[in-house]
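Here is a short briefing on one protein model. Look at the sequence and the structure first, then read the points below.

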Amino acid sequence: MGRLDSFYSLIKPEPDYYNYWCQRVHGLCSRDTDGAPVFPDVWAKIEPMIQELPLVAHNSPFDEGCLKAVFRTYQMDYPDYEFYDTLCCSRRKFPAQRNHQLQTVAAACGYQLENHHHALADAEACAWIARELL
């Protein structure tokens, strides 16, 4: 296996708006991100780690849509990243599974996801799934 890096940062959203349901899922509010950097500053740290690598997400159309939207918000040029979708792969690999939620698929692949909906924990689970299924 190649080099393993991880990175985690909160991002101050612009506008500074928090949807009730998102707060319930992630547990984050403006108090958590008041001192956080904005997206372009965080992306400047992430982009060199990605280089030409494809991106992997569980339900990648959602994640790719969010990434494209934030690039538009900041008028940044969006590189045409190649995305792999572990949700799609899990539906093919485990057609009889009761659901294909991230934590369920992770468990089916031998990974115990703790702290679900924490961005780094979810990314690590997704990486494990990708390693197993892709």
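**An exposed loop residue**

Gln 75 sits in the loop between α4 (60-73) and β2 (83-85). This is a predicted model, in which local features need pLDDT of at least 70 and side-chain atom pairs count only at pLDDT 80 or more, while totals for chains, interfaces and linings use all residues. Residues are numbered from 1 along each chain as its sequence is written, and side-chain values use heavy atoms, with hydrogens and water left out.

**Overall build**

- The protein has 7 helices and 2 strands; helices (H or I, at least four residues) and strands (E, at least two) are DSSP runs, numbered from the N terminus.
- Read from the N terminus on, the order of the elements is α-α-α-β-α-β-α-α-α.
- The protein is as compact as a globular protein of its length, because its radius of gyration is 16 Å, close to the 14 Å that the globule rule gives for 134 residues.
- That radius is taken over C-alpha atoms, and the globule rule is 2.2 Å times the number of residues to the power 0.38.
- Along the principal axes, the C-alpha atoms of the protein fill a box of roughly 40 × 35 × 25 Å.
- Of the 134 residues in the protein, 29% are buried.
- Among the contacts in the protein with a separation of 6 or more, 58% come from residues 24 or more positions apart; contact means heavy atoms within 4.5 Å.

**Helices α5 and α7**

- The axes of helix α5 (residues 86-93) and helix α7 (residues 119-133) come within 10 Å and cross at roughly 45°.
- That makes α5 oblique to α7; angles under 35 degrees count as roughly parallel, over 145 as roughly antiparallel, 65 to 115 as roughly perpendicular and the rest as oblique.
- The axes are lines fitted to C-alpha atoms, for helices over the stretch in contact, and the angles run from 0 to 180 degrees between N-to-C directions.
- On the α5 side the contact is made by Thr 86, Cys 89, Ser 90 and Lys 93, and on the α7 side by Cys 126, Ile 129, Ala 130 and Leu 133.
- The residues of this contact of α5 with α7 divide into 5 nonpolar, 2 polar and 1 charged.
- Here Ala, Val, Leu, Ile, Met, Phe, Trp, Tyr, Cys and Pro count as nonpolar, Asp, Glu, Lys and Arg as charged, and the others, Gly among them, as polar.

**Backbone exceptions**

- Most residues other than glycine have a negative phi, and most peptide bonds are trans.
- Gln 75 is not a glycine, yet has a positive phi of about 55°.
- Gln 51 also is not a glycine and has a positive phi of about 50°.
- Gln 51 lies in the loop between α3 and β1 (55-57), and at 58% relative accessibility it counts as exposed.
- The peptide bond from Glu 14 to Pro 15 is cis, with omega near 0°, and Pro 15 is found in the segment before α1 (20-26).

**Two helix residues**

- Met 49 is placed in helix α3 (residues 39-50) and, at 27% relative accessibility, counts as partly exposed.
- The C-alpha atoms of Met 49 and Lys 68 are separated by 18 Å, with the two residues 19 residues apart along the chain.
- Thr 104 lies in helix α6 (residues 102-108) and counts as buried at 11% relative accessibility.
- Leaving aside its neighbours within four places in sequence, Thr 104 is in contact with Gln 97, Arg 98 and Asn 99.

Terms used
Buried means under 20% relative accessible area, exposed over 50%, partly exposed in between (1.4 Å probe, protein chains only).
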